[in-house]
Amino acid sequence: MGATAPRVPLLAMKQITKRFNAVEALVGVDFEVYAHEVVALVGDNGAGKSTLAQIVSGVLTPDSGIIELAGEPATIPNPSAAHAAGIATVFQDLALCDNLDVTANLFLGREATAGGSFLRDGEMEQTTKRILRDLNSPIPSVKTQLHALSGGQRQSVAIARTLIGNPRIVVLDEPTAALSVAQTAEVLTLIERLRELGLGVILISHNMVDVRAVSDRIEVLRHGRNNGSFDATTASYESILAAITGATSYIKGDRAY
């Protein structure tokens, strides 16, 4: 029998460096995510999490390093390129409109039209229902206006919106921030559902309870550098916290960080 082919990550970032004048936001960072995997990106304020997420999302371009998508070298020069490559991002502001209903928010800026001017409302509603059903999302109706939804339901709409373009990778920036316990549980269930659907999920969070609840792997950044990689199912809270605070160092190759 032949050897099993090695798994290829959906996204692989190698030796990524990003500077802002004299400030080193990222230095030689390695990061990868596979299909059917939730990878948490954690670290203290200023660790470089948002910078890395913005590079993945095409908001920023690295000064050096290699990006590979499904094993092929790639560049992500802007958000449109990220979207075309199957990368969707939900930032903390969600970028939703309170005065529009759920369907309109999902298709905002990407409305389905007929004849160039008429909206295919029925088709968009059916697509919205299908996506919410796939996610097991607790949205009462696709015609509900956003202002009538809870914080957790709004996050559900933002996550559902990413699936319009059939992405391979979803980046979630602090998706449970400022949510109640019940609303947080709803969002964590959605993240698990994204994994079940075969996506690679990058979860940025300060909440270690949430991180350990849904992540497969935890990657720690400290001062813009890798400082630990942990199996979320077996790593202790103390070991992860030690990596975040710098109480322990990370060995990569022949260098300690």
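The model is a predicted one, with local features needing pLDDT of at least 70 and side-chain atom pairs counting only at pLDDT 80 or more, while totals for chains, interfaces and linings use all residues. Numbering runs from 1 along each chain as its sequence is written, and side-chain values use heavy atoms, with hydrogens and water left out.

Serine 215 falls in the loop between helix H7 (208-214) and strand S11 (217-222); helices (H or I, at least four residues) and strands (E, at least two) are DSSP runs, numbered from the N terminus. Serine 215 counts as buried because its relative accessibility is 6%, the cut-off being under 20% relative accessible area with a 1.4 Å probe, protein chains only. Leaving aside residues up to four places away in sequence, serine 215 touches Val38, Ala40, Arg195, Leu203 and Ala232, contact meaning heavy atoms within 4.5 Å.

Elsewhere, four strands make up an open, antiparallel sheet ordered S2-S1-S4-S5, with pairing taken as at least two DSSP bridges between two strands. Strand S2 (23-33) and strand S5 (72-74) are the edges, each pairing on one side only. Strand S4 (residues 64-69) runs antiparallel to S5 and is joined to S5 by three bridges; glutamate 68 has proline 73 in S5 as its bridge partner.

Methods
Buried means under 20% relative accessible area, exposed over 50%, partly exposed in between (1.4 Å probe, protein chains only).
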